[in-house]
Amino acid sequence: MDKYIIILGASRYGAEAAFQCGLKPIIVTDRHSSIDKEIAQLTEAVFYVRDIAEKTEVFYTVEKIMSFYQTVELVVSFTELGLETAAYISERMQLPTNSLETVVNTRDKGRMRRILSKDPELRLDVVSGKGSALPKQFPYSRPAIIKPLDGFGSKAVNYISNQQEWEKWLKRNQDHSHEWILEPYIDGSEYSVETVSCRGTHFILGITEKQTTGKPHFIETGHMVPARLGQQEVERIEQVVMKALHLLNVQYGPGHIEIKWDVEEDRPVVIEMHTRPGGDFIPYLHQLTSGFNQYELGILSYMNEMPPVEKPIYQKVSLVNFLMFPEGVLRQISLGAEVNREYIQDWAIYYRVGDRIRKTVDSYTRSGHVIVCSSTVEECQRLCDNFLDQLKCEIVHE
């Protein structure tokens with residue numbers, strides 16, 4: 001008998017993984033979403049709703065689906081905005097899931113920080129609330145980061161260094177409907193830890209090294225796997241990640257935990273947690289280097305069929321480099337040489353000829369990417385640089 005999985009959000013990697021796990025994926029997605037050919041070929045059906053974050057509407061849609069397809073094993077989401085809805089429906093349907101409380105506590109950065117503060121090693125002094133409720137006096141003696149309480153993708157992230165900048169930010173945002181979190185700026189390198197959990201037991205698939213534009217907006221410009229860290233640093237990062245997953249009661253599925261290494265205190269600091277895979281091709285980079293497929297393992301974890309996971313063994317290095325074009329109109333794209341598919345795994349420009357290029361302000365306004373996989377860090381970087389040298393984009397400033 002066929003078994004089905006309902007996936008909230010049009011996740012190509014999720015649909016591919018479900019298919020590999022022997023499940024037939026059914027996609028429920030926003031009506032404005034586009035379904036590419038790769039997803040369409042893998043899915044049993046696609047259902048459209050106004051918004052996958054609207055729990056009641058999606059619940060009734062899932063009920064209708066389950067009346068047609070009676071062997072639905074799971075309702076999951078690999079997309080940020082579908083996580084709470086998937087947990088809500090799964091609890092009502094008595095399907096395996098992280099609790100709705102756990103998902104809310106990871107998506108709401110204020111709640112997350114309050115829970116993590118139970119452990120002194122995870123504590124970070126933060127202030128949260130609407131702009132009008134935040135303190136008029138800048139509360140730190142060091143710089144800070146302000147961002148939306150439920151934000152993702154580097155949206156609306158700002159660096160505040162003193163009282164004068166704080167007053168300017170408050171003036172611009174005091175009437176904004178967002179709730180915000182203000183936290184001390186941690187000076188140091190950025191990493192993310194990719195995990196999968198099964199019945200409350202947690203496995204670390206690897207650590208990703210991250211590059212950003214730095215202050216003030218910290219837009220992510222690239223990632224590399226494996227991270228260049230010593231064994232002692234790896235062990236300390238893994239220790240805080242395990243504590244955080246336990247405190248937040250994560251039971252199932254993929255996890256993405258963002259870390260900064262505080263150079264002043266020489267320790268890892270948990271910045272954010274997510275009960276989903278990381279974006280920006282991070283799971284794909286890990287699959288290229290260690291063979292772990294976080295999506296497949298995540299699905300199998302819900303089904304209690306996850307194979308044993310050992311420490312990753314890295315045979316290769318992989319990286320993604322994101323392109324950020326200047327504003328203007330894209331007049332021409334060309335490559336000076338044929339792409340070497342042995343090393344260049346994927347590349348794309350997110351604009352077509354004739355499009356107006358927007359200013360890069362977050363992860364969603366970058367201009368393109370290239371993914372490289374080879375034997376060493378140096379070789380990956382050389383191949384990436386060679387590709388970018390061959391890529392010619394004519395941009396007219398109007």
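## In which strand does Thr29 lie?

Thr29 belongs to strand β2, which covers residues 24–30; here helices (DSSP runs of H or I, at least four residues) and strands (runs of E, at least two residues) are numbered from the N terminus. The model is predicted, and for that reason local features need a pLDDT of at least 70 and side-chain atom pairs count only at pLDDT 80 or more, whereas totals for chains, interfaces and linings use all residues. Residues are numbered from 1 along each chain as its sequence is written, and side-chain values use heavy atoms, with hydrogens and water left out.

Thr29 counts as buried because its relative accessibility is 2%, where buried means under 20% relative accessible area, exposed means over 50%, and partly exposed is in between, using a 1.4 Å probe and protein chains only. The side chain of Thr29 also makes a polar contact of 3.0 Å with the side chain of Ser33. A polar contact is a pair of N or O atoms within 3.5 Å; within protein, one must be able to donate a hydrogen and the other to accept it, and residues adjacent in sequence count only if both atoms are side-chain atoms.

## The parallel sheet

Strands of a sheet pair through backbone hydrogen bonds, in either a parallel or an antiparallel way. Strand β2 is part of an open sheet of four strands, in the order β3-β2-β1-β4, with parallel pairing; two strands are taken to pair if DSSP finds at least two bridges between them. At the edges stand β3 (45–49) and β4, each of which pairs on one side only. Neighbouring strands of this sheet are turned against each other by 20 degrees on average, direction ignored, with axes fitted as lines to C-alpha atoms (for helices, over the stretch in contact) and angles running from 0 to 180 degrees between N-to-C directions.

Strand β1 (residues 4–8) runs parallel to β2 and is joined to β2 by five bridges, with Ile6 standing opposite Ile26 in β2. Strands β1 and β4 likewise pair in the parallel sense over five bridges, and the bridge partner of Ile5 in β4 is Leu74. Strand β4 is mostly covered, since five of its six residues are buried.

## The antiparallel sheet

Eight strands form another open sheet, in the order β13-β12-β9-β10-β11-β14-β18-β16, and here the pairing is antiparallel. The edges are held by β13 and β16 (344–349), each of which has a single partner strand, so one side of each is left without a neighbour in the sheet. From one strand to the next, the twist averages 25 degrees.

Strand β16 and strand β18 (residues 368–374) run antiparallel and are joined by five bridges, and in β18 the bridge partner of Trp347 is Val370. The loop between β17 (356–357) and β18 contains Thr365, which counts as buried because its relative accessibility is 7%. The side chain of Thr365 reaches the backbone nitrogen of Val361 at 2.8 Å.

## Cavities

Rolling a probe the size of a water molecule over the atoms shows where empty space is left. A cavity is a set of points, on a 1 Å grid over the protein atoms alone, where a 1.4 Å probe fits but cannot get out, and its lining residues have an atom within 4 Å of a point. Grid points are joined across faces, edges and corners, and a volume is the space filled by probe spheres set on the points. By this rule there are two cavities of 30 Å³ or more.

The largest cavity has a volume of about 100 Å³, and its lining includes Val75, Leu83, Ser90, Thr275 and Tyr302. Strand β4 (72–77) and helix α4 (83–93) each supply at least two residues of this lining, with α4 giving the largest share, four residues. The lining residues of the largest cavity divide into seven nonpolar, five polar and no charged, where Ala, Val, Leu, Ile, Met, Phe, Trp, Tyr, Cys and Pro count as nonpolar, Asp, Glu, Lys and Arg as charged, and the others, Gly among them, as polar.

The second largest cavity holds about 40 Å³ of space, and among the residues that line it are Thr106, Ser197, Pro254, His274 and Thr275. The elements that give two or more residues to this lining are β9 (190–198), β12 (252–262) and β13 (267–274). The lining of the second largest cavity divides into four nonpolar, six polar and no charged residues.

## An exposed helix residue

Gln164 is found in helix α7 (residues 163–173) and is exposed, with a relative accessible area of 54%. The C-alpha atoms of Gln164 and Phe138 are separated by 8.8 Å, although the two residues are 26 residues apart along the chain.

Methods. On a 1 Å grid over the protein atoms alone, a cavity is a set of points where a 1.4 Å probe fits but cannot get out, and a pocket is an open set with protein on both sides within 12 Å along at least five of seven lines; lining residues have an atom within 4 Å of a point.
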